Amino acid sequence: TTTTTMTGFEWPWQYSFPPFFTLQPNADVRRTQLDAWCALVVSWGRNNNVSQIDVTEASSLPVFKNPSISRSLPADSIMVVLEELAKRGNLEWMDKTKRRPFVMSSEGTCFGEVQLNGVSRFIHGLKPPVTSTAFVHCMRSAKVMIPSIK
């Protein structure tokens with residue numbers, strides 16, 4: 001079964017399954033579990049307009065904590081999920097200490113780009129580090145072209 005939040009976000013069935021909050025040692029099961037975690041983090045972020053996470057506070061975010069079953073993903077497992085998102089191209093670290101990641105959509109594009117389809121509207125309202133990271137990412141993926149000024 002799935003549950004829906006007040007914002008209309010539908011939690012996947014795994015979110016109500018206690019073992020989901022413990023990364024499994026079996027490689028095949030763990031791969032499937034990481035697939036589910038990555039999809040969950042990206043869709044939750046998109047639905048809630050969350051593209052930036054503070055790792056030190058991540059364990060208190062609803063995406064990593066389900067109070068209805070008294071379960072939360074441990075901090076070391078959260079880092080495993082975030083590193084997996086980075087490997088898949090859905091996350092870029094904004095600092096060398098890996099404390100603040102910028103999460104992107106499942107297609108490897110920026111949330112705002114998908115929702116608004118315009119760079120000026122995409123950048124509006126984002127904090128400068130996020131703006132820079134997002135803009136560079138969009139440029140790398142050929143989503144943004146800077147016209148030459150003569």
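Here, a residue counts as buried when its relative accessible area is under 20%. Keep in mind that this is a predicted model.

**View 1. Helix α1 and its buried residues.** Let's start with α1, which covers residues 27-47. Its buried residues are Q33, L34, A36, W37, C38, L40, V41, V42, W44 and G45. How far apart are the end C-alpha atoms of α1? They sit 30 Å apart, and that agrees with the 30 Å that 21 residues should span at 1.5 Å a residue.

**View 2. Helix α2 and its buried face.** Next up is α2, made of residues 75-87. S77, I78, V81, L82, E84 and L85 are the buried ones in α2. Looking down the axis of α2, you'd find these buried residues within an arc of 155 degrees, so they line one face of the helix.

**View 3. What surrounds α2.** Which elements do the buried residues of α2 pack against? Their partners are α1, β5 (91-93) and β6 (101-103). Turned away from that buried side, the other face of α2 carries the exposed residues A75, D76 and K87. Following α2 comes G89, with a positive phi near 85 degrees.

Notes. Residues numbered from 1 in each chain as written. Predicted model: local features only at pLDDT ≥ 70, side-chain atom pairs only at ≥ 80, totals over all residues. Heavy atoms only, no water. Helix = DSSP H or I, 4+ residues; strand = E, 2+ residues; numbered from the N terminus. Expected span 1.5 Å × (residues − 1). Buried < 20%, exposed > 50% of the residue type's maximum accessible area, 1.4 Å probe, protein only. Arc of directions from axis to C-beta. Contact = heavy atoms within 4.5 Å.
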